[in-house]
Amino acid sequence: MSDGSRRALVVRGGWEGHVPVEATELFIPSLTEAGFDVTVSEDLDVYTDPELMAATDLVVQCWSIGRLTREQSAGLVSAVYAGTGFAGWHGGVVGTFGDSHDYLRMVGGLFLWHPENFLDYEVTIVPGQAAHPIVAGLADFTVTTEQYWMLTDSLNTVLAGTTFTPEDGEHGGEPVDMPVVWTRRWGAGKIFFSAIGHRVADLEQPVVRTLTERGLVWAAR
C-alpha cells in the first residue's frame, strides 16, 4: 500500500482508441503498491500548476493525438528538467503533441508510421543493456500488435528493439532496426518509454507488463 512517500500524477485523455482510462488503471495498483500516492488528471492544464508539478515525483502520461499550449508544454518540460520523472507508452507519449518541439526533444521520439495490420514481431533485449533494472532477467519476446516506426535521437538509451522486414523492395529492400524501449535523461529528470501498448491486452502480456511496471518506478525521482 502507498505510504505517501512519493507522488505520481497520471495524466490521461486524448484519442479514445488508445483506451487511456483502461490502460492507466492497469498500472495504478502497482504504483500504489510501490509506495506512490497517485493522483489522476484528465486535464492538460495540470501541467501549468508549478507547485503540484514540483511536488510530483513521476508523471505517467497516456494522451494520444493531442496538443499542448505553450504554457502546458513549458510547465511539463521544466518540471522534468528539475527532476520530475516522466513515463508512458505507445502513442500516449510519441503519437501526440507533435507541434510542441520542446516536448518532443524531451521525450526523444515521434511516431511516424506503422504497418496497416497488427504483426507478430520479435522484441530483442539489447545485449549491452541486459543488466538494466527495467529488463534484467527478461528474454527476447514476441508481441502481436502495431509495430511502431519512429524518429528518435542518440540521447536515448535503447533497452530493447525490433527490426522492420522489407516487403516488395520497400525501404530499399533492407531491414530497418527500430527501438521499442528506451530511457533518457532530461536535466535532472528520468524518462521511460515503451512503444508497446495499443490495447490493454498488449500491456497485460506478462513480459510487457513487467518491463512497463519497472520502467514507471525507475523513472520516478
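**View 1. R221 is partly exposed, with a relative accessible area of 39%, and forms a salt bridge with D57.** Here, partly exposed denotes values between buried (under 20% relative accessible area) and exposed (over 50%), for a 1.4 Å probe and protein chains only. This is a predicted model, in which local features need pLDDT of at least 70 and side-chain atom pairs count only at pLDDT 80 or more, while totals for chains, interfaces and linings use all residues. Residues are numbered from 1 along each chain as its sequence is written, and side-chain values use heavy atoms, with hydrogens and water left out. The closest N and O atoms of R221 and D57 are 3.2 Å apart; a salt bridge requires a side-chain nitrogen of Lys or Arg within 4 Å of a carboxyl oxygen of Asp or Glu. R221 lies in the segment after α8 (206-219) and D57 in the loop between α3 (50-55) and β3 (58-64), so the bridge ties together parts 164 residues apart in sequence. Helices (H or I, at least four residues) and strands (E, at least two) are DSSP runs, numbered from the N terminus. D57 counts as buried, at 11% relative accessibility.

**View 2. A salt bridge joins the side chains of E25 and R12, at 2.8 Å from N to O.** Because E25 belongs to helix α1 (residues 20-25) and R12 to strand β1 (residues 6-14), the pair ties together parts that are 13 residues apart in sequence. E25 is partly exposed at 37% relative accessibility, whereas R12 is buried at 7%. The structure holds eight salt bridges.

**View 3. R184 and D153 meet through their side chains in a salt bridge of 2.7 Å, N to O.** R184 lies in strand β10 (residues 176-186) and D153 in the loop between β8 (149-152) and β9 (157-164), so parts 31 residues apart in sequence are tied together. R184 is buried, with a relative accessible area of 3%; D153 is partly exposed, at 35%. Elsewhere, salt bridges that share partners join R12, E25 and E42 into one network.

**View 4. An open sheet is formed by nine strands with mixed pairing, in the order β2-β1-β3-β4-β11-β10-β9-β6-β7.** The edge strands, β2 (36-41) and β7 (141-145), each pair on one side only; two strands pair if DSSP finds at least two bridges between them. From one strand to the next, the twist averages 20 degrees. Strands β4 (residues 85-89) and β11 (residues 189-194) pair in the parallel sense over four bridges, and A87 stands opposite F192 in β11. Helix α8 packs on the sheet, touching β1, β2, β3, β4, β7, β10 and β11, and its direction makes about 165 degrees with that of β11. Axes are lines fitted to C-alpha atoms, for helices over the stretch in contact, and angles run from 0 to 180 degrees between N-to-C directions.

**View 5. E213 lies in helix α8 and is partly exposed, at 24% relative accessibility.** Leaving aside neighbours within four places in sequence, E213 is in contact (heavy atoms within 4.5 Å) with F27 and S30. E213 and R12 are 201 residues apart in sequence and 17 Å apart in space, C-alpha to C-alpha.
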